[in-house]
Amino acid sequence: MRTFKIGGIHPAGNKLSAGQPIRTVATPSTVAVPLNQHIGAPAVATVAKGDKVKVGTLIGKSGGFVSANVHSPFSGTVGKVDNLIDGSGIARPAVFIDVEGDEWEEAIDRSETLVKDCTLTAKEIIDKIAAAGIVGMGGATFPTHVKLSPPPGNKANILIINAVECEPYLTADHRLMMEKAEQILVGTSILMKALSVDSAVIGIEANKPDAISLMKRLSSEYKGIKIESLKMRYPQGGEKQLIDAITRRQVKSGALPISVGAVVQNVGTVFAVYEAVQKNKPLIERVITVTGLKVSQPSNFLARIGTPVSTLIEAAGGLPDDTGKIIGGGPMMGRAMISADAPVTKGSSGILLVSRDQAARRPQRDCIRCAKCVGACPMGLEPSLLMNLAERKIWDKAEENYIVDCIECGSCSYTCPANRALLDYIRLGKATVMGIIRTRKG
């Protein structure tokens, strides 16, 4: 069974919500829809206070090529366009909507009818994806139309669909495959057409045997699509690790996947592509896992963008009394949220409620030079060295030792017997070095 070659760990899966079907949540009375839910330039508001909007109305126009449109997930009246404090505590522009009814744009096909045939050209597909505001839904939120438009001199020859979901606790992608398998396969075919490739591989980790079986059975009707069962290993969902596992191609330091002829898309993104191209539906909602060891009803929800995280927590049985942290995402790569009032965004894959005992940091001790962090790093880096360089602000040496190659997976911190804050310092160092590089380039 395939997996990537370098590093990796095996954290407990804790897939508590894997058997829970996707449910919808109650509609809030007021929502805030951020205009910056993607990597790149923020969208520019196209509405103002007092404007009426429907579900699917464009409320934010992309601010450049590397940017994404934003659409209203609800119908109602725009209360204001103002800054919103997001889950990380950063003020970001947002459109505040007073929800009134549930009126949709007429062009959106809301039926459950599967639409297989796509007669659009590659350019028309990419344009429609861009118009729908689709971004990478595995967490990176890179605008999808940009990934589908390789720079001159680069050509894709394989499409890889990331259905690994190796992050502990999260099951949103698993449930999506179980309930929307045909739509995902059609979406994969559409992306193959957009890239002009004849081959696509959907990589799924072996802890999802029901999804593997279902996708294999249905994919036999779709030309060029293969389902690959992968050995369980974190962080196999990383682009470079997944490319290695499936193709054995190595993406060099500083290079993009397209340099080895590969384009990687998350399975949630593929479903969004199907809905955009075949149903004229912009990206206004997504599947999110709400879970935790003390959560009474670990669940998978279909939540519209802008829905407060607190609404999802209540639908999962409420906030446990001993909650120490609310994490946006999974335990390895997720970030602690400052408030449950923050809204769901396009990149929200999960909400993890962690008890005080789990959230408590253990005392940090001196490095014992065991090299476990080196063995675990999937990028072949030396995390202990990078932490020391970041702690001492030796930025030139940090850059020389490839700190910007870190994918922030947390494998180093997970393995460290001395409880060193490896990832924290490396994140700080990486951000600083990337800022220095940008300044140097002007």
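In the largest cavity of this predicted model, the element that gives the most to the lining is α7, with 4 residues; helices here are DSSP runs of H or I of at least four residues and strands are runs of E of at least two, numbered from the N terminus. The model is a predicted one, in which local features need pLDDT of at least 70 and side-chain atom pairs count only at pLDDT 80 or more, while totals for chains, interfaces and linings use all residues. Residues are numbered from 1 along each chain as its sequence is written, and side-chain values use heavy atoms, with hydrogens and water left out.

By cavity I mean a set of points, on a 1 Å grid over the protein atoms alone, where a 1.4 Å probe fits but cannot get out, with lining residues having an atom within 4 Å of a point. The whole structure has 2 cavities of 30 Å³ or more, and the largest holds about 160 Å³ of space. Its lining consists of 18 residues, with M137, G268, F271, E285 and R286 nearest the centre.

The second largest cavity has a volume of about 90 Å³, and among the 13 residues lining this second cavity, C377, C406, E408, C409 and C412 are the closest to its centre.

Turning to the rings, a charge sits over a ring if NZ of Lys or CZ of Arg is within 6 Å of the ring centre and within 35 degrees of the ring normal. The charged end of K80 lies over the ring of F96, 4.7 Å from its centre, and that of R233 over the ring of F4, 4.6 Å from its centre.

Methods
1 Å grid on protein atoms, 1.4 Å probe; cavity = no way out; pocket = protein on both sides within 12 Å on 5 of 7 lines; lining within 4 Å. Points joined across faces, edges and corners; volume = space filled by probe spheres on them.
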